[in-house]
Every structure is written in structure tokens, then in C-alpha cells.
Amino acid sequence: MPSVVQIDHIKEGMVIAKPIVNSFGQTLINSGIELNENHIRVLKTWSIHTVTIKENDNDEEVEITKEMIALAQKKIAERCLWQPRTEEEKDMYKSVVLYFAKSITYMNEEE
Amino acid sequence: MEIVDKLLRGVNDFPTLPTIYSALSDVMANPLSTANDAADVILRDQASAAKVLKTANSSIYGFRGRIDTISQAIFYIGFDEVKNLVLALSIIDLFSKSSLIENLNPVDLWKHSIAVGVATRIIGVNIKAVRIENFFLAGILHDIGKLLFIRNMEEEYNKTINYALEKKISIREAEAELLGMTHTVAGELIAEKWKLPLSIRNAIRHHYIGIVNGVPDKLAASVHIANILCQMLRLGESGHHIVKEPNIEVWETLNLPKNIFSTIIPKILSDYDESLTLFQLKRSR
């Protein structure tokens with residue numbers, strides 16, 4: 001299992017397991033990258049608090065848990081007060097939920 | 001009504017389109033013009049020329065790193081597309097200089113507009129729409145009417161957004177009630193002033209419903225869905241905190257390929273991201 005490490009505890013040479021994404025959705029550092037001093041400075045500039053560090057070779061796969069999906073659904077439902085009706089709407093809604101679930105995995109919640 | 005008068009005066013005073021755009025339109029209207037004539041017009045404005053090249057080489061058009069000259073850009077992505085791109089770029093410039101109001105930062109509104117531009121174009125490509133060159137521009141311009149309000153009645157518009165939030169109604173409804181004019185109508189007036197093509201004017205005017213006076217319209221429908229999708233994805237900020245339900249009729253108009261959203265969302269995100277860098281809107285919040 002990958003482990004989530006706080007920014008103050010990361011060390012050079014650790015390998016990122018999940019892409020680190022900023023609040024604009026841009027990937028700052030991709031998975032598989034070995035951290036160096038400059039990376040750590042970038043992360044601090046972007047106020048990233050924790051990163052996911054690889055512990056064994058299978059750790060790069062992103063797992064999206066039911067909890068993350070539920071959290072993403074809740075966030076979207078706060079702003080979309082409608083239920084998807086057609087196939088297209090269901091597809092659109094589901095895809096947005098997945099996108100948010102992934103962002104929850106990748107980054108710390110800002111709010 | 002006083003506010004409407006003020007807004008109509010605001011439309012009159014609204015910036016005109018840059019001369020490069022009208023010069024391009026003139027070149028295009030002349031059947032004897034060649035791509036080189038058009039390239040010459042663009043090259044007279046070096047700043048625009050550089051931006052056109054950068055954007056033509058971005059993933060938005062998919063010719064990454066292969067276009068070296070404006071003539072090539074015209075050859076690869078088409079004359080109309082380059083012309084609309086010049087227009088989009090100058091409008092983005094105009095708007096990024098706009099002042100800030102409390103409830104709606106023009107930069108966020110602009111980011112939202114760019115996201116909708118990118119998404120509208122991607123939807124257009126996926127439904128194999130004709131006149132695809134209008135899709136990016138129509139998406140970019142769909143909320144241009146809000147800028148008229150921000151420029152001419154900052155305080156009243158701020159109140160209008162608050163009112164919409166309090167009453168849990170759409171901004172459009174709040175505008176109609178408090179200002180006597182909606183941003184969709186205001187947007188159409190600006191588009192008329194700018195003599196933009198009818199299809200773009202219609203898309204601006206009817207984007208909230210996605211059909212044009214009861215007639216299905218692929219461009220208006222694409223902007224309608226792109227707008228909702230970008231609000232769901234929280235790309236930029238349009239002042240609406242509540243995302244409207246799509247008009248169910250537009251799905252038939254669009255006839256999108258099955259399960260398309262999981263494919264187009266990553267493309268929208270990466271094109272959006274690239275556009276913000278291109279248009280230098282990054283890092284402002």
C-alpha cells in the first residue's frame with residue numbers, strides 16, 4: 001500500500017505514487033518521480049500538505065474507494081440539485097463524480 | 001427604465017473589435033485574397049501573431065509543434081479558425097484587464113469562459129459539427145453580457161449576484177428582476193455591435209436553454225452542455241453556485257457518442273490547463 005506522508009516528513013529520494021495535482025488540476029509531479037530538493041520546494045510553494053509515497057512497485061495504481069466516491073457525490077450534489085435522467089446525463093454525472101473522487105485521492109482538501 | 005438605458009449606453013461604449021479582426025474580415029471577403037494576404041495582416045501585429053502560433057500549436061488544435069508560420073497555421077487549421085482565434089485572443093486580452101467586483105472576479109469568469117470555449121469545441125469535434133471554427137469562439141463569448149454589467153454597474157451587479165444566491169434563483173432570473181436585462185440579451189447586443197455571425201449571436205443569446213427559438217441548434221446545444229459541464233467541474237467561476245439542470249431536448253440535437261464524457265473530460269481538463277498558460281491566466285484566483 002502507498003503511504004500518505006506529510007510534507008514536513010518527506011525526504012529526497014522518495015518516489016511519488018500518485019500524481020500531485022494543484023488546485024487548478026494541473027499535475028505538479030507525476031507518479032513514479034523520485035523527489036529531489038527542488039520538488040519539495042515546489043510542493044511548499046503550492047501549499048501541498050501531504051503526498052502519497054510509493055512503498056512497493058504496485059503502488060502507482062490509483063484506487064478509488066467507495067468512501068471517495070461518496071464524498072465526491074456529496075460535493076457535487078450540493079451544487080447540482082437535479083438527478084440525471086437520460087443516458088447522457090448519467091454518463092456526464094458519473095464521469096464528473098469519478099474526476100472528483102480522483103482529485104480527492106490526489107490532493108488534500110483545500111476547504 | 002433607467003438601468004436599461006445605462007446598459008444600452010454601455011453597449012455603445014463597449015470596446016470595438018480590434019482593427020486586425022476587421023482587416024482580416026475584409027481580406028476574407030475578397031475572393032482574390034490568398035492565405036499570404038491574411039498572414040500579412042496578422043503579422044502586422046506581432047503580439048497577436050506570436051499568440052496565434054502558440055495556440056495553433058497547442059493541443060486544442062492537435063498540430064502540436066508542427067506549425068512554424070502564420071501561413072501554415074491558416075493552411076492547417078483554416079482561415080476562419082485563425083480569424084476567430086485572433087478575435088478570441090484579443091477579447092481575452094480585453095477582459096483580463098477588467099476590474100474586480102466583490103462577488104465575481106472577471107479573471108474567474110474569464111477562466112470559466114475559456115473552459116466553456118474548450119469544452120464546446122471538444123463537443124463539436126465529437127459530434128462532427130460543421131463550422132467547427134465557431135465553437136471555441138461561441139463558448140468563449142457565451143457570458144460576455146456579464147462583462148457589460150461588470151463594466152457599467154459594478155455595484156448593482158454585485159447585488160444581483162447576491163440576490164440570486166439568497167433567493168436560490170439563477171443569475172439570469174435575478175438580472176431580469178433587478179436590472180431589467182439579462183446577460184444573454186446583453187451578450188447578443190454586444191455580438192450585434194461586433195457584427196458576429198448569426199450562429200454565434202444565437203448561441204450567446206440562447207445558451208441557457210440550448211435551442212434557438214424552439215429550433216434545435218448544434219452550436220447553442222454544445223455551449224449549453226459545455227457550460228453545465230464546466231460548472232460541474234468547477235473550472236473558473238461564473239457566479240452561479242447552483243448548476244442548472246440540462247435542457248433534456250438538447251441531447252437529441254447533439255446525439256453524442258455513447259459514454260463520451262469519460263473520454264472528453266480529461267481532454268477538456270488538459271486543453272483548459274494549456275489555454276490558461278497560453279492566455280497567461282494562471283495563478284490568479
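**Reading the two chains**

Tutor: Let's begin with how chain A folds back on itself: among its contacts between residues at least 6 apart in sequence, 68% join residues at least 24 apart. Keep in mind that this is a predicted model.

Student: Okay. How many helices and strands does chain A have, and what pattern do they follow along the sequence?

Tutor: Chain A holds 3 helices and 4 strands.

Student: Which domains is chain A divided into?

Tutor: Domain 1 covers 3-53, and domain 2 covers 66-106. Taken over C-alpha atoms, the centres of these two domains of chain A are 26 Å apart.

Student: What share of chain A counts as buried?

Tutor: A residue counts as buried if 20 or more other C-beta atoms lie within 10 Å of its own. In chain A, that goes for 24% of the 111 residues.

Student: Next, cores. What's the general idea there?

Tutor: In soluble globular proteins, nonpolar side chains tend to be buried together. Here, the largest nonpolar core has 93 residues. Those with the most contacts inside this core are B:Val52, B:Val86, B:Ala88, B:Ala119, B:Ala138 and B:Leu229. Helix 14 of chain B, residues 218-232, gives the largest share of the core, with 10 residues. Apart from this core lies another, of 11 residues, including A:Ile16, A:Ile29, A:Leu35 and A:Leu43.

Student: Can we zoom in on one residue? Which residues does B:Ala88 contact, leaving aside its neighbours within four places in sequence?

Tutor: With those neighbours left out, B:Ala88 is in contact with B:Phe136, B:Leu137 and B:Ile140.

Student: How do I read two helices packing together?

Tutor: Look at the angle, the distance between axes and the residues that meet. In chain B, helix 5 (residues 70-77) and helix 6 (residues 79-96) pack at an angle of about 120°, and their axes are 6 Å apart. From helix 5 of chain B come B:Ala73, B:Ile74 and B:Ile77, which meet B:Phe79, B:Glu81 and B:Val82 of helix 6 of chain B. By class, the residues of this contact are 5 nonpolar, no polar and 1 charged.

Student: Finally, how many residues does each chain give to the contact between chain A and chain B?

Tutor: Chain B gives 17 residues and chain A gives 17 residues. On the side of chain B, helix 14 and helix 16 (261-278) are the elements giving two or more residues. Helix 16 of chain B has the largest share, 5 residues. That side of chain B has 12 nonpolar, 3 polar and 2 charged residues.

Notes:
Residues are numbered from 1 along each chain as its sequence is written. Chains are lettered from A and ligands numbered from 1 in the order in which they are written. This is a predicted model: local features need pLDDT of at least 70, side-chain atom pairs count only at pLDDT 80 or more; totals for chains, interfaces and linings use all residues. A nonpolar core is a set of buried Ala, Val, Leu, Ile, Met, Phe, Trp, Tyr and Cys residues joined through C-beta atoms within 7 Å. A residue is buried if 20 or more other C-beta atoms lie within 10 Å of its own, exposed if 12 or fewer, and partly exposed in between; C-beta atoms are placed from the backbone. Two residues are in contact if their C-beta atoms, placed from the backbone, lie within 7 Å. Domain bounds come from an automatic or database domain assignment. Ala, Val, Leu, Ile, Met, Phe, Trp, Tyr, Cys and Pro count as nonpolar, Asp, Glu, Lys and Arg as charged, and the others, Gly among them, as polar. Axes are lines fitted to C-alpha atoms, for helices over the stretch in contact, and angles run from 0 to 180 degrees between N-to-C directions.
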